[in-house]
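Please examine the model shown below together with its sequence.

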Amino acid sequence: MIQVGIFTGYYPCTIDETIRRIKEGGFSCVQLDVSFKDCDAMRGELNDETAKVIRDKFRDANLPVTALSAYTNFVHPDPQKRQENIEYFKRMIRFARKLGCGYIASETGTYNQESDWVWDDKNASEEAYQEVLAIVRDLTACAEENGVTFIIENYINNVIGSVEQIERLFADVNSPNLQLLCDPSNYFTGENINNMDEELTKVFDRLAPYMKIAHAKDCKLAEDTSEKHADIDADESHSFRGSGAVELPAAGLGCLNYDLYLQLLAKHHPNMPLIIEHLDEGGIPRAKAFIDEKLKKYGI
């Protein structure tokens, strides 16, 4: 059966309280954000000792850590910030196994001057692709040295967003230490969202062998095309709700064909962890109930 998990970053709490609430919510695994009130990697509070404490607490709670979040913008237009972002990701790679994680996740980023999630025309250039390719090769080599797999999460507003771009990147890097985080909501634009089933089938037909964990959020055409964030106590990567023609709400609040998505996921990966996201804390029970009912409907 498919396990249902959640990002730890949706709970603005200490490590112990986060674990308590996740267990209370009935989840069976997590994607780990080291952004707790009593230990935040972005504030430089992660070390070998705290990593072991975190790992052991999740093991004692019987909450497997499916992946480590280290989301950042690898092509930030400010060269100094870009280098800081890449070094942050490498630092988290080195902590991944100490935190009990074999997978570490990030998107690739955008050249946009104002945001890490808004489209920039440079993203579509060959120059941008070659720059991302060099960075991803370097990060994948670092992951291999540390016994970790880098799982890229594509997003249509980033340099790596489409099925074709993912295929090209994976062929060029050609490493078992580079794999894919499955999130079908991230492929949709104003042009293809009305071809929902065709696009979902294409994603799985061409990319299923690379998928290691899956996400559960939703998508729909946006009334407001500006960048959207929820008013929650969380990192920007968790408050983000879409930019441009497509909004990205929580699972069950959009038009993603969840019946088809979950059937395709179960067909190719019948035991893959499914991590719900794009939530506020009050909406977590509804989103989990929605996913649980869909999984029970198909016996997966």
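Predicted model: local features only at pLDDT ≥ 70, side-chain atom pairs only at ≥ 80, totals over all residues.

Residues are numbered from 1 along each chain as its sequence is written, and side-chain values use heavy atoms, with hydrogens and water left out.

Q: At roughly what angle do the axes of helices α8 and α9 cross?
A: Helices (H or I, at least four residues) and strands (E, at least two) are DSSP runs numbered from the N terminus; α8 covers residues 258–268 and α9 covers residues 284–297. Axes are lines fitted to C-alpha atoms, for helices over the stretch in contact, with angles from 0 to 180 degrees between N-to-C directions. The axes of α8 and α9 come within 10 Å, and their crossing angle is roughly 60°.

Q: Which term describes the orientation of α8 to α9?
A: Angles under 35 degrees count as roughly parallel, over 145 as roughly antiparallel, 65 to 115 as roughly perpendicular and the rest as oblique. The axes of α8 and α9 cross at roughly 60°. That makes the orientation of α8 to α9 oblique.

Q: Is the crossing of α6 and α8 left-handed or right-handed?
A: The axes of α6 (residues 196–207) and α8 come within 10 Å and cross at roughly 15°, so α6 and α8 are roughly parallel to each other. A crossing is left-handed if the near helix is turned anticlockwise from the far one by less than a right angle, and right-handed if clockwise. The crossing of α6 and α8 is right-handed.

Q: Which residues of α2 meet α1?
A: The axes of α1 (residues 15–24) and α2 (residues 48–60) come within 11 Å and cross at roughly 25°. That makes α1 roughly parallel to α2, and the crossing of α1 and α2 is right-handed. From α1, Ile15, Asp16 and Ile19 take part; from α2, the residues are Ile54, Lys57 and Phe58.

Q: What is the relative accessible area of Leu265?
A: Leu265 is placed in helix α8. Leaving aside neighbours within four places in sequence, Leu265 is in contact with Ile2, Phe204, Ala214, Pro270, Met272 and Leu274. Leu265 is buried (under 20% relative accessible area, with exposed over 50% and partly exposed in between, using a 1.4 Å probe and protein chains only). The relative accessible area of Leu265 is 0%.

Q: Is Tyr103 buried or partly exposed?
A: Tyr103 is in strand β6 (residues 103–106). Beyond four places in sequence, the contacts of Tyr103 include Thr66, Leu68, Val148 and Ile213. With a relative accessible area of 24%, Tyr103 is partly exposed.

Q: Which backbone nitrogen does the side chain of Asn112 reach at 2.8 Å?
A: Asn112 lies in the loop between β6 and α4 (126–145) and, at 12% relative accessibility, counts as buried. The side chain of Asn112 reaches the backbone nitrogen of Ser115 at 3.0 Å. At 2.8 Å, the side chain of Asn112 reaches the backbone nitrogen of Glu114.

Q: What is the phi of Asn174?
A: Asn174 is found in the loop between α5 (163–173) and β8 (178–182). Asn174 is exposed, with a relative accessible area of 65%. Although Asn174 is not a glycine, its phi is positive, at about 55°.

Conventions:
Contact = heavy atoms within 4.5 Å. Polar contact = N/O pair within 3.5 Å; in protein donor to acceptor, adjacent residues only side chain to side chain.
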